[in-house]
Structure formats: C-alpha cells, structure tokens
Amino acid sequence: MLRRLTFIALMMALVVVTLGALTRLLDAGLGCPDWPGCYGQLIPPQHHPETTTAIDSHKAWMEMTHRYIAGLLGLLILVLTFCVEKSNSVATHTRWLCRGVLMLVIAQALFGMWTVTMQLLPQIVTLHLLGGMALLSLLLLLFLQLSKTTPVTVAPQGRKLSIIVLLFLITQITLGGWTSSHYAGLACPDFPTCHGKWLPALDLQQAFNLSDIQTTNYEGGILSSDARVTIHVVHRLFALLVVFSIMLLAVRLWGYTLLRKQLLVILSLTLIQVSLGISNVLLLLPLSLALLHNTGAALLLLSLIHLIFRLQPKPQSLWQQPHHNLEMDRVI
C-alpha cells in the first residue's frame, strides 16, 4: 500500500510540475492576483468582484487548476506520511525521508504564494521550479526505498562521476528556470549562432544579479535584450557540458551489463532534450515543444537519480586499505 501511495504521489507530482510549466508558458502566473483563492473566491469568478470588469477566465482557471491539483498532492503526501509513521516495517531513514517530503510540500506552498504576491519575481519562480524537481526526486527515492531494487557494484570513480553529472544537470535545470522566468527563451532566434554571432556581447552582471529585487510586475520580463541574450547563451553552453558529461558517464559504466538499459534511457532522453531545445529556438517556442522540454528535464533527472540509487561502490580490498591498518592486522 505504501508503494502504491508513493507511486501515485510521484505521478501527481509530475503532473503538478507540468501544470506549473504550462501556467508559466501561458502567462497565467498572475491569472489570480491573490492566494490561495482567486479574487477572494475558491472558484474563479467571471468578473472582478469590486470593479465588475471581466477577467481573463482562461488564465484564472489555469492557475487555479494548478493549485487544486497541488493541494490534492499535499493531502496525499500528508496521508502517506501518516501511514509511514504508523507502519512498523519501515526503516528509520525512510521515515525521515517521508517527513522531508512533507516539509518540502509545505515550502512549495509558500513559494507558490510568494510567486503571486511578489509578482513573478524570477528568483522565487526559479526556486519554485527547483522545489518541484526536488519533490519529484525525493518521492522517487522514497518509492525506491520501499521497493526491491537490484544494486550494481561499480568502481567508486563511477559513482562519483554520476554524482557530478547529477550536479551538472541540476545546474542546467536551474539555468532553464532562470531562462523561463526572465522570458529569455527567444532571446536568440537562430541556432547554433545567436543573432548571427557565435558569441554575442554578454552582460553577465545584469543577467545573473540575484540581489536585484524590485517591487514591480515581472510578467513578460524586465531585463534588457543583452541580459536576456546572456542568459540564453549561458544555458546553451552549459547544455554542452551536461551532454558531454552524460556521454562520459555512459562510456564509463557501459561495461556493467545490468546498467545498459538505464544508460540507453538516459542517452535517449538527453538526445530528445537537445532536439527539443533546438526546435524551440527554430520554431519560435511552440507551446507543445516548450512543455515537453520542461517535462523531459524532469524525466532525465529522475532517470539519473534512479541510476545513482542502484550504484553501489566496491569495498576496498585489504591491499587498498591504509598502511596502518595492515600493520595492525599483522600485530593481531
């Protein structure tokens, strides 16, 4: 039952992350200017309650649908946590993982509120995206801990490399969120160049000024053209590093037969992500491809975490242990 509840929560979290991306892409993040209701009501109204002017009901319903399903996910995780606490067969570290999931859901609700009240502040929007990805990752780890997973013993260098690749991927997802929150997806309308240049003029200081917080509406973006181009180009360049590191990891672990299917999945998802990224530029960011690009990043993250979960480093042999241990063995 716990595995089933966790799997349902994992699927719901993926839906919530996808709906969050769809809300951003439809510019519906401020479809309801208050929180948790919409113009003070649980169901989006047809007209503004005070001025009686018509509101954009499509954006309001998109925003509230995201909130409704996120609320259901929160209730499901609360039930899951209660069941885990009552179970006598769950390990202590699994209990703490489940508690961490519950705390993260509460934090995500706060970030959802701040996203609206701070009018799509890019720092908050990006953190909200990362929180969704983290929630997906923790739910997957919880599901794997509750399931029977076949470990694969590999050299310690292989597992270290996989963790480095994971950190690269998380950084790339962060850059993707930063690109989306600043509406920089179309800052470069051509590929592989940007405005016909291999390396256009960059403004790193303005593009990544995390302390720049203004009391303004960030919908549509407020950065200059050069700053948006900088964000877009950095996202592209770091993608090359991620792709190279994933290929290196696949080569390093290809000798382990039990891992080849997972490696093929990761390589396939990487190829799809690159293709979607290029297509989004050349086709001027169509909604369907932009949404798939966001979901593809989540699936690639989950696939890599699943791979790392299965990797078990080889224990050091007697001759690889420190010299003082060998001397102690001789004395004994």
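## Cysteines, pockets and a cavity

C98 counts as buried, with a relative accessibility of 1% (buried means under 20% relative accessible area, exposed over 50%, partly exposed in between, with a 1.4 Å probe and protein chains only). This is a predicted model, in which local features need pLDDT of at least 70 and side-chain atom pairs count only at pLDDT 80 or more, while totals for chains, interfaces and linings use all residues. Residues are numbered from 1 along each chain as its sequence is written, and side-chain values use heavy atoms, with hydrogens and water left out.

Let us stay with the cysteines for a moment. A disulfide here is a pair of cysteine sulfur atoms within 2.5 Å, and by this rule there are two. C32 is joined to C38, with an S to S distance of 2.1 Å; the link is left-handed, at -85 degrees about the S-S bond, and both residues are buried. C188 pairs with C194 at 1.9 Å between the sulfur atoms, again in a left-handed link, at -75 degrees; C188 and C194 are buried too. In sequence order, the bonded cysteines pair as 1-2, 3-4. C83 is in no disulfide, its nearest cysteine sulfur being that of C98, 9.0 Å away. C83 is also buried, with a relative accessible area of 18%.

On a 1 Å grid over the protein atoms alone, a cavity is a set of points where a 1.4 Å probe fits but cannot get out, and a pocket is an open set with protein on both sides within 12 Å along at least five of seven lines; lining residues have an atom within 4 Å of a point. Grid points are joined across faces, edges and corners, and a volume is the space filled by probe spheres set on the points.

| Space | Volume | Residues named |
|---|---|---|
| Largest pocket | About 1,300 Å³ | Closest to its centre: Q172, G176, H235, G277 and H293 |
| Second largest pocket | About 880 Å³ | Nearest its centre: H66, A70, Q108, G112 and H128 |
| Largest cavity | About 80 Å³ | Lining includes W178, H182 and D212 |

Helices are DSSP runs (H or I, at least four residues), numbered from the N terminus. Helix 7 (225-253) gives the most to the lining of the largest pocket, with 10 residues. For the second largest pocket, the top contributor is helix 2, which spans 57-86, also with 10 residues.

Terms used: Helices (H or I, at least four residues) and strands (E, at least two) are DSSP runs, numbered from the N terminus.
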